[in-house]
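This report covers selected features of the structure shown below.

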Amino acid sequence: MLLEEVWDYRFDPHTSLIDTHISRLRKKIDESFDKPLLHTVRGSGYRLSVEP
Amino acid sequence: MKGARPSVLALVVAGAVAVALALGMAGVYLTADRLIEQRQRLVAETARDYFVAFAHEEGLASMARALDNRAHNEHGAFDYAVFDNDGQRIGGTTLLAAADLPEPGYSIRTVADTDYEILVQPMSVGGMLIIYENLADRRAFHRAILSSVGATLVASLAIVALAALWLGRLLVRRAEGVAVAADRIAAGDLSARAPIAGAKDVFDELAGSVNAMLARIEELMTGMRTVTDSLSHDLRSPLTRLRGSLNRALDEDLSGDARLALIAEAQGQCEQVLATFSALLDIARAETGLSRDLMAPLDLAEMVRDLGELFEPVIEDAGQVLTVQAPDTPVTLVGHELILRQALGNLLHNAARYAGDGAGVVLSLEPGETEIRLVVADSGPGVPSDQRGRVVERFVRLDETRSKAGSGLGLAIAVACAKLHGGRLDLEDNHPGLRVLLRLPVSA
């Protein structure tokens with residue numbers, strides 16, 4: 001959905017381009033910290049916040 | 001076309017030519033008739049003037065003798081007679097008595113079953129000069145003109161009728177090829193084509209256009225058939241799985257987490273169905289040329305670098321290395337950016353999915369004089385040459401088990417994209433691996 005709304009791409013959904021980018025981002029932001037900042041909001045996207 | 005009669009056309013042409021010919025011939029006939037009458041009258045009037053002058057100079061009696069002489073020496077169409085003031089014939093022919101003479105001037109009389117044109121001329125010295133012209137000569141000439149005009153007319157009509165018949169047959173024969181092809185198409189044989197005689201005439205042109213149209217129709221029909229067949233196959237399984245997931249999620253004994261997991265599964269299957277639909281719509285739009293109004297000048301070099309950045313993580317996660325090669329200067333093309341990105345994205349996805357661990361993937365932009373090439377090459381196992389034509393078809397996937405996820409529409413979109421831009425998609429051997437070229441012609 002993000003791909004379509006933000007980039008207007010409609011790729012095959014099976015290799016999730018967004019997931020790949022987010023997981024990299026998550027590795028840089030959240031890895032080796034106790035409290036994750038990048039949260040997945042099911043069905044709509046992602047959120048950056050202290051609140052879980 | 002069956003039952004079309006060539007003779008109708010022939011008759012129309014022959015009729016038109018016949019009318020034109022008849023009008024022309026009637027003109028010739030009337031002109032000749034008028035000319036011969038003028039000519040004969042000129043002869044009569046020259047003789048009249050001569051004899052009137054003769055009488056004036058030499059007297060009526062000498063003139064009468066001269067007339068007798070001329071009648072004796074000449075046996076032409078003309079006869080002469082002279083009467084004195086008392087109505088007494090004093091020279092020339094005895095055809096008419098004084099009492100039977102017509103009024104002065106020209107008139108036509110029948111004397112002893114022969115038609116004469118008679119010129120009666122009173123003279124200054126008294127008396128009457130009579131000039132008879134036997135009309136038999138004139139009528140013989142008349143008949144000669146009439147018969148030759150008629151013969152010409154008949155011969156011309158015969159020639160025109162034959163030519164028209166031949167032309168009509170030719171037209172019907174040439175048009176029939178197109179008609180037969182159309183009939184066969186109507187009967188369901190989509191491979192029927194109009195014959196091209198190689199005469200480079202308007203019929204060949206027509207047949208060529210019709211054939212181009214038929215080829216396009218066949219292509220569309222085949223595409224449509226493939227899509228409907230494949231749709232029923234490829235949408236049924238994810239939809240069935242979706243229903244299964246939802247059914248299981250409705251189980252009352254299920255824990256909240258397990259239910260959520262099942263709903264998430266269902267959502268994933270929904271996404272797959274939606275993506276397949278979107279892809280099919282994109283192909284349809286590109287193939288019908290509907291997206292053509294969205295074409296705009298764009299910089300391919302920037303687009304390629306952008307795509308490389310976007311896809312690098314995907315390629316890396318597949319254990320592969322992505323190399324992007326694009327000129328630093330802008331490469332401008334009037335194109336459909338969305339579908340170009342989608343086509344290249346599909347090719348990169350395919351590389352990530354099928355080239356295998358450790359493969360190298362190259363995305364490159366090669367601008368040229370006549371065409372611009374967008375290339376995605378990998379060093380994976382490649383596609384066997386006999387399968388290369390097949391993989392670009394919709395829903396075709398080479399792993400028969402369909403163990404890997406995918407809709408089978410990726411390359412079909414790339415092909416449609418190439419077609420939309422007037423180019424083509426080529427699959428080549430990369431020694432080793434697969435090299436996919438999206439070749440876009442540079443428009444003038």
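What follows describes a chain, a helix pair and the cysteines of this predicted model.

Chain A has 52 residues, of which 27% count as buried. The secondary structure of chain A amounts to two helices and two strands, in the order α-α-β-β from the N terminus on. Among contacts in chain A between residues at least 6 apart in sequence, those joining residues at least 24 apart make up 10%.

In chain B, helix α6 (residues 300–317) packs with helix α7 (residues 337–354) at an angle of about 35°, and the two axes lie 10 Å apart. The crossing of α6(B) and α7(B) is right-handed. On the α6(B) side the contact involves B:Leu300, B:Met303, B:Val304, B:Asp306, B:Leu307, B:Phe311, B:Val314 and B:Ile315. These meet B:Glu337, B:Leu340, B:Arg341, B:Leu344, B:Gly345, B:Leu348, B:His349 and B:Ala352 of α7(B). Sorted by class, the residues in the contact of α6(B) with α7(B) are 11 nonpolar, two polar and three charged.

A disulfide is a covalent bond that links the sulfur atoms of two cysteines. How many disulfides does a search of the whole structure find? Over all chains, the search finds zero.

| Residue | Relative accessible area | Class |
|---|---|---|
| B:Cys270 | 36% | partly exposed |
| B:Cys417 | 0% | buried |

B:Cys417 is classed as buried because its relative accessible area of 0% is under 20%. B:Cys270, at 36%, falls between the cut-offs of 20% and 50%, so the class is partly exposed.

Terms used
Residues are numbered from 1 along each chain as its sequence is written. Chains are lettered from A and ligands numbered from 1 in the order in which they are written. This is a predicted model: local features need pLDDT of at least 70, side-chain atom pairs count only at pLDDT 80 or more; totals for chains, interfaces and linings use all residues. Side-chain values use heavy atoms; hydrogens and water are left out. Axes are lines fitted to C-alpha atoms, for helices over the stretch in contact, and angles run from 0 to 180 degrees between N-to-C directions. Helices (H or I, at least four residues) and strands (E, at least two) are DSSP runs, numbered from the N terminus. A crossing is left-handed if the near helix is turned anticlockwise from the far one by less than a right angle, and right-handed if clockwise. Contact means heavy atoms within 4.5 Å. Ala, Val, Leu, Ile, Met, Phe, Trp, Tyr, Cys and Pro count as nonpolar, Asp, Glu, Lys and Arg as charged, and the others, Gly among them, as polar. Buried means under 20% relative accessible area, exposed over 50%, partly exposed in between (1.4 Å probe, protein chains only). A disulfide is a pair of cysteine sulfur atoms within 2.5 Å.
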